[in-house]
Amino acid sequence: MERKTFHLAGLLLPINYHLLLTFVKGFNQYHGILMISVMAWGWFVVDLLRVYVPVINRNFPLQSIAREGELHHLSGVSYFMIGNWIAVCFFPPRIAICSLLFMILGDMSAALFGISFGRIKIGRKSLEGTTAMFLVCFFIGFNVFYDIHMREYPVFLGALMAAVVELYEPFGVNDNLTIPFFSCLALQFGFHRISTCERHKDWRQFLNYSIVEEFVQESRD
């Protein structure tokens, strides 16, 4: 339970990113990149010191909630921070925020439902947990992109990608990194596809018809 509570604290990153973009005049993705870069790589250096410096390892404040495999290896927090960094740096803010909510709330729902109700096993995971994650992610995306017509198609694709990545853990990489990365790719692909479904009388409007400006722009002038 203590680890799950710490996991939920990760919500502070996407929520604060959204609040800063929305309410702080002049704050944009560039400022978000600077902030997440300092936090992500600062933590990465601290985690490396924890792994390789015995005195730091023995006295590290989060050792009590670390998994056995994390005691002498990089922690899940490092992968979480790098996942945040990738999403914020390389994808539009709204897509980045949605993918981070997928990772935090979706992954938690998969664990809770899988442990509580999991009967049909798929490797180490369960169909029930994966289904719960998909539904939670779809609900999140449907609300994050509430103002976008036909949002259900890219949101379905992004939620499905997040659930599949959590289930199979591709390349053996921690899913705190792979869920935001692959769900960002899926969402961006989906929104690019639906961007061609709306007709305009003036062909020049297509020059500004991009995923960032027309579909998933977090802050508007």
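This is a predicted model: local features need pLDDT of at least 70, side-chain atom pairs count only at pLDDT 80 or more; totals for chains, interfaces and linings use all residues.

**Around asparagine 176**

I started with the contacts of asparagine 176 (heavy atoms within 4.5 Å): not counting residues up to four places away in sequence, asparagine 176 touches His7, Gly76, Tyr79, Phe80, Gly83, Met103 and Asp107. Residues are numbered from 1 along each chain as its sequence is written, and side-chain values use heavy atoms, with hydrogens and water left out.

Is asparagine 176 buried or exposed? I found a relative accessible area of 11%, so asparagine 176 is buried (under 20% relative accessible area; exposed is over 50% and partly exposed in between, with a 1.4 Å probe and protein chains only). I also saw that a polar atom of its side chain lies 3.3 Å from the backbone oxygen of glycine 76.

**Rings**

Next I looked at phenylalanine 138 and phenylalanine 142, an aromatic pair with 5.8 Å centre to centre and 25° between the planes, which is stacked (centres within 6.5 Å; planes under 30 degrees apart are stacked, over 60 edge-to-face, the rest tilted). I noted that phenylalanine 138 is partly exposed at 24% relative accessibility, and phenylalanine 142 is partly exposed at 31%.

Then I checked arginine 151: its charged end sits over the ring of phenylalanine 142, 3.8 Å from the ring centre (CZ of Arg or NZ of Lys within 6 Å of the centre and within 35 degrees of the ring normal).

Terms used
A polar contact is a pair of N or O atoms within 3.5 Å; within protein, one must be able to donate a hydrogen and the other to accept it, and residues adjacent in sequence count only if both atoms are side-chain atoms. Rings of Phe, Tyr and Trp (its six-membered ring) pair if their centres lie within 6.5 Å; planes under 30 degrees apart count as stacked, over 60 as edge-to-face and the rest as tilted.
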